[in-house]
Amino acid sequence: MYLHRYPILLARLEFMKFDKLCVVTGAGGFLARRVVRRLLDAGATVRGLVRSSSTANALLAEIPPELRDRLEIVIGDFVREADCRRIVERSSVVFHIAAQMSGSVSPLILTNVVGTKRLIAAASAAGVERIVVISSIAVCDSQRLRRLAIVDESLPLESQPQLRDPYTYSKVQQELAARAQCKQLDLPLVIVRPGVIYGPGRGCMSARVGLTVAGMTLVIGGRQSLPYVHVENCADGIVLAGVTLGVDGQTFNLVDDVLPTGRQIVRAHQRHGKRLRTLTLPVFLVRRLSSLVQRYHHWSQGQLPAVLTPYKVDAMWKPLRYSNARAKQVLGWQSQVSLESGIASSFV
Amino acid sequence: MSQSVNSKATTSKVAILGCGQIADAHLQELRYVPGVQVVAVCDQLQELADQAARRFDVPGAFTDLERMLTETRPDAVHVTTPPHTHASLACQLLNQGVNVYVEKPFTVDVAEADEVLSAARRNGKLVCVGHDHLFDPVWLRLQTLVTTGQLGEIVHVDSVMGYNLNGPFGKIMFNDPHHWLHRLPGGLFHNNISHAIYKITPFLSDELPRIHATTDRPTVGHPPTELRVMLQGESVTANIRFSSRARPVQRLATLYGTKASVEVDLEARTIRWCRSAKLPGALGKLDVPWQQLREAAGNLRRNTWDFLRCRQHYFAGMRELFTRFYAAIRAEQEPPIPYEEIRRVTAWMDEIFRQYKFTEIDVPASIPDLVGQA
């Protein structure tokens, strides 16, 4: 079932005789378990870190028996230094995919920043050849970009991440910390920044489409391209970032070739029989409203949270173009799953 | 509204020790407490101290407590670290002449509480605990009803505390078998039950009432999450219901008095009177709902008015408690929460956890390390 999805990737990995010991954190997750499967198919040995036995069992159930002897599942937490040391031992490449995605800032920082630093320290001490850290395209500083400007790897990191959501803030801090520490410890680092990852089991609705308020989906803009990447395409890119020679120190944005708009996502939901009450609001109007929300938040001494601010609106919904050129040119990555079949798969 | 943010005159310098989730609430509310300036945050992890300092515009971020005290000389420090560290840190701070605000639970047990309270008395400094629901606007209204005798003599109190295990803290705690919460004598309850207890202590004056505590039966890897406590004092009784399964998640207290009974809903910030029919027979079945409808309209009107005047902050009780604590420091008065109350709450918790003995079976996810082997 899986093999037909990435024949080119497998051919490359077989050609390279990629049979190293790879560590994958968050191995039972939506994205990471696909990375695990690709590495196993390619002949690598994989040590997957998961947090609970139920996740471990779910992962094992997905792996064909003939591949299981090359899969070691470790239950632990990469925020704990002892677990970090244990999982990176004797490994060659670490794919750091695990992340906390919701919650308040301090637990996000603890997991995504402190945990990453501890993993890097352990990987360096264990003589790991490369660590691939999965960031997010949200960390790109698009504030100063004009409408329809191109978002690519040349953009600096978000300059005022504290004005964004807690997750983005933690991912910016994670990238800064990873770069600084890998440089200090001389550990080769590759950063991959996927867009919104969608696919089977997760659906394709996200905050990039709009907000859900009292059961109604407020579609914001609706016509701008959304930085989406199908989970299978994303897994291909991450594996390539881990195995391609000569890319140490580089960053790769991963978005699909053809990007959906908010309207397309909503229509797809309706086509698949999902009842969705929607109201489309133009971006300029939402920006005005967000300015009022921000003012009210300050004036009322925080009686209502500043869920919308002009800064957040620009970051989330300003019409921009997203480039995947570097990943295609340098990694030889291809966006194999098309938009149409990708969206269809997300309703499975 | 926003112009009332901290006046610079007679400013108390404040520091936060421990930059976890609850520190955010402290930093947010301290912005609006008159005469207070947050000068530093401190955490063992530089990353946590830095994020708090950056997000709340705090000038100093430290990882070393001594250094923070030397360099910033705060008048008060808020201890927002895990509970098992409260006592030693509070004593250390009090001994250095700093007033201390300790997040709930005050300490792990009453012996530690006594140490902290004596350190406060010995050093002539104030210590306060985060019993902030007592200063929520709706609880202050209830106190007025009680002190003006509108409820008569209180004979019984029901205190209900709901907890959402799917919330941000619950998820982290349950997914991590090494979380500090699992090492507390009362586990999950230890971190939260004080909120339910301190709503009873003002009405049940016994030093230590008869207590009967029971929990749901734990299984391996699944600690108990339901706690029921019956308390019998000399003249007043009380019940505590801590539930993480019941929905909706509630924070309620019902006071039964000899003249009238009321239910205080801290989530909705309303007071509901327990009504009886004034009309006879079947008409009474119309009368009570009519009275309830009028009362609901009154609550809606009051809450709307408070909303329009920007008085519906989630942590309004915390803000009010901070305000009174710093006013007491400046005026060299008694702290807003009497030390005897702090001690009694801790002693009752000790007794509850003595009856419900936290055991190895309660630690979640005790699982083998290696599932598959390469």
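At 1% relative accessibility, B:Met318 counts as buried, where buried denotes under 20% relative accessible area, exposed over 50% and partly exposed in between (1.4 Å probe, protein chains only). The model described here is predicted, so that local features need pLDDT of at least 70 and side-chain atom pairs count only at pLDDT 80 or more, whereas totals for chains, interfaces and linings use all residues. Residues are numbered from 1 along each chain as its sequence is written, chains are lettered from A and ligands numbered from 1 in the order in which they are written, and side-chain values use heavy atoms, with hydrogens and water left out.

B:Met318 lies in helix 11 (residues 316–331) of chain B; helices (H or I, at least four residues) and strands (E, at least two) are DSSP runs, numbered from the N terminus. With its neighbours within four places in sequence set aside, B:Met318 is in contact (heavy atoms within 4.5 Å) with B:Ile22, B:Ala25, B:His26, B:Glu29, B:Glu103 and B:Asp132. Between B:Met318 and B:Gly298 there are 20 residues of separation in sequence and 25 Å in space, C-alpha to C-alpha.

The interface between the two chains was examined next. The size of an interface is often given as the accessible area lost when the parts come together. For chain B and chain A the buried area, defined as the accessible area (1.4 Å probe) that two parts lose on being put together, summed over both, is about 3,100 Å², and carbon and sulfur atoms give 56% of this area. Chain B brings 36 residues to the contact and chain A brings 42 residues. The rule finds 12 residue pairs in polar contact across the interface, both residues being at pLDDT 80 or more; a polar contact is a pair of N or O atoms within 3.5 Å, of which, within protein, one must be able to donate a hydrogen and the other to accept it, and residues adjacent in sequence count only if both atoms are side-chain atoms. On the side of chain B that touches chain A, at least two residues each are supplied by helix 1 (21–30), helix 2 (46–55), helix 7 (168–175), helix 10 (281–308) and strand 14 (370–372) of chain B, and the largest share, 5 residues, comes from helix 2 of chain B. By class, this side has 16 nonpolar, 12 polar and 8 charged residues, with Ala, Val, Leu, Ile, Met, Phe, Trp, Tyr, Cys and Pro counted as nonpolar, Asp, Glu, Lys and Arg as charged, and the others, Gly among them, as polar.

Side chains of opposite charge can pair when their charged atoms come close. A salt bridge is taken as a side-chain nitrogen of Lys or Arg within 4 Å of a carboxyl oxygen of Asp or Glu, and by this rule the count over all chains comes to 34. Between chain B and chain A there is 1 salt bridge, and A:Lys117 forms a salt bridge with B:Glu47 in which the closest N and O atoms are 2.6 Å apart.

Within chain B, the side chains of B:Arg269 and B:Asp136 meet in a salt bridge (3.0 Å, N to O). This pair links distant parts of the chain, 133 residues apart, with B:Arg269 in the loop between strand 12 (261–265) and strand 13 (270–273) and B:Asp136 in the loop between strand 6 (127–129) and helix 6 (137–147) of chain B. B:Arg269 is buried at 7% relative accessibility, and B:Asp136 is buried at 4%. A salt bridge also joins B:Arg354 and B:Glu351 (2.9 Å, N to O); because these residues are 3 apart in helix 12 (residues 339–355) of chain B, about one helical turn separates them. B:Arg354 is exposed, with a relative accessible area of 53%, whereas B:Glu351 counts as buried at 15%.

In chain A, a network of salt bridges links A:Arg34, A:Arg38, A:Glu232 and A:Asp236. Helix 2 (residues 32–41) of chain A is mostly covered, with 9 of its 10 residues buried, including A:Arg34 and A:Arg38. Helix 8 (residues 231–243) of chain A is largely enclosed by the rest of the structure, because 13 of its 13 residues are buried.
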